[in-house]
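Here is a short report for a reader meeting this structure for the first time. Please keep the sequence and the 3D view open while reading.

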Amino acid sequence: MTLSRTVRSTVVTAALLSASALTFPASAEAAPLPPACQEALLTTLDKFPVADFTVPDKVQSGALEEFGNLSEADQRAFTEKACAAWNNWATRNGQAVATDLDTRYRDAAGPVCNKFTTSAIGTLKKYAPNVPAETRELEKVAKKVWQNVMGKLAVEATNADCRKAYNGVKTGW
């Protein structure tokens, strides 16, 4: 499996847990993903069983585009050690993270874009400090993607509430 394959598109995991930016297309020259990263591609979403939390389509497509444009240096962050650490952490903490996301999403006011940004950034700030140190390079990539996507959406959103929501979280966690 190479980075050029698109697997279940979502930014939930990418945006939410520092190292989970694992669903993206990239150049055909990309090196094969290590086995733990392949596992993460296939199982991360299952580890965070949200019921209410929703990622707007524009966020998903923007994240996929950003991941597709990752530099070779950024792609090198996807190591066996980093992905294995992520998989273990996500298995142990996924239900708690999903519950937190759902609660924050239900409690947030406004349109879906605001509910998404409010719940995502709140959960990121709560859980990111506890993600294993081995995933820090992945976290840097996830933050870069988050900042680029939120920055673009803050400019492009047609709804003023959404522009404000995306602008308010574009600096990340």
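Start with Asp52. Asp52 counts as partly exposed, at 31% relative accessibility. The model is a predicted one.

**Salt bridges**

Which residue forms a salt bridge with Asp52? The partner is Arg106, and the closest N and O atoms are 2.3 Å apart. Asp52 sits in the loop between helix 2 and helix 3 (57-68), while Arg106 belongs to helix 5, so the pair ties together parts that are 54 residues apart in sequence. Arg106 is partly exposed, with a relative accessible area of 48%. Side chains of opposite charge can pair when their charged atoms come close.

The search of the whole structure finds 10 salt bridges. Another of them joins Asp100 and Lys126. Here the closest N and O atoms are 3.6 Å apart. Asp100 lies in helix 5 and Lys126 in helix 6, so this bridge ties together parts that are 26 residues apart in sequence. Is Asp100 buried or exposed? Asp100 is buried, because its relative accessible area is 11% and the cut-off for buried is under 20%. Lys126 counts as partly exposed, at 42% relative accessibility.

Glu139 and Lys143 meet through their side chains in a salt bridge as well. The distance from N to O is 3.7 Å. Both residues are in helix 7 (residues 136-156). They are 4 residues apart, so about one helical turn separates them. Glu139 counts as buried, at 8% relative accessibility. Lys143 is partly exposed, with a relative accessible area of 27%.

| Asp52 and Arg106 | 2.3 Å | Asp52, 31% | Arg106, 48% |

**Tyr105 and Ser119**

Return to Asp52 for a moment. Asp52 is one of the residues that Tyr105 touches. Where is Tyr105 placed? Tyr105 is in helix 5. Tyr105 is buried, with a relative accessible area of 7%. Leaving out residues up to four places away in sequence, Tyr105 touches Asp52, Phe53, Thr54, Val112, Lys115, Phe116 and Ser119. Tyr105 can also be set against Thr117: the two are 12 residues apart in sequence, and their C-alpha atoms are 8.9 Å apart in space.

Now take Ser119, one of those contacts of Tyr105. Ser119 belongs to helix 6. Ser119 is buried, with a relative accessible area of 0%. What does the side chain of Ser119 reach? It reaches the backbone oxygen of Phe116, at 3.2 Å. Neighbours within four places in sequence aside, Ser119 is in contact with Phe53, Leu101, Arg104 and Tyr105.

**Disulfides**

How many disulfides does the structure hold? It holds 2. Cys37 and Cys83 form one of them, with their sulfur atoms 1.9 Å apart. The torsion about the S-S bond is about 85°, so the disulfide of Cys37 and Cys83 is right-handed. Cys37 counts as buried, at 0% relative accessibility. Cys83 is buried too, with a relative accessible area of 0%.

Cys113 and Cys162 also form a disulfide, and their sulfur atoms are 2.0 Å apart. Cys113 lies in helix 6 (residues 112-127) and Cys162 in helix 8 (residues 160-169), so the pair ties together parts that are 49 residues apart in sequence. The link of Cys113 and Cys162 is left-handed, with -85° about the S-S bond. Both of these cysteines, Cys113 and Cys162, are buried.

What is the pairing when the bonded cysteines are numbered in sequence order? The pairing is 1-2, 3-4.

Note on methods: Residues numbered from 1 in each chain as written. Predicted model: local features only at pLDDT ≥ 70, side-chain atom pairs only at ≥ 80, totals over all residues. Heavy atoms only, no water. Disulfide = S-S within 2.5 Å. Buried < 20%, exposed > 50% of the residue type's maximum accessible area, 1.4 Å probe, protein only. Helix = DSSP H or I, 4+ residues; strand = E, 2+ residues; numbered from the N terminus. Contact = heavy atoms within 4.5 Å. Polar contact = N/O pair within 3.5 Å; in protein donor to acceptor, adjacent residues only side chain to side chain. Salt bridge = Lys/Arg side-chain N within 4 Å of Asp/Glu carboxyl O.
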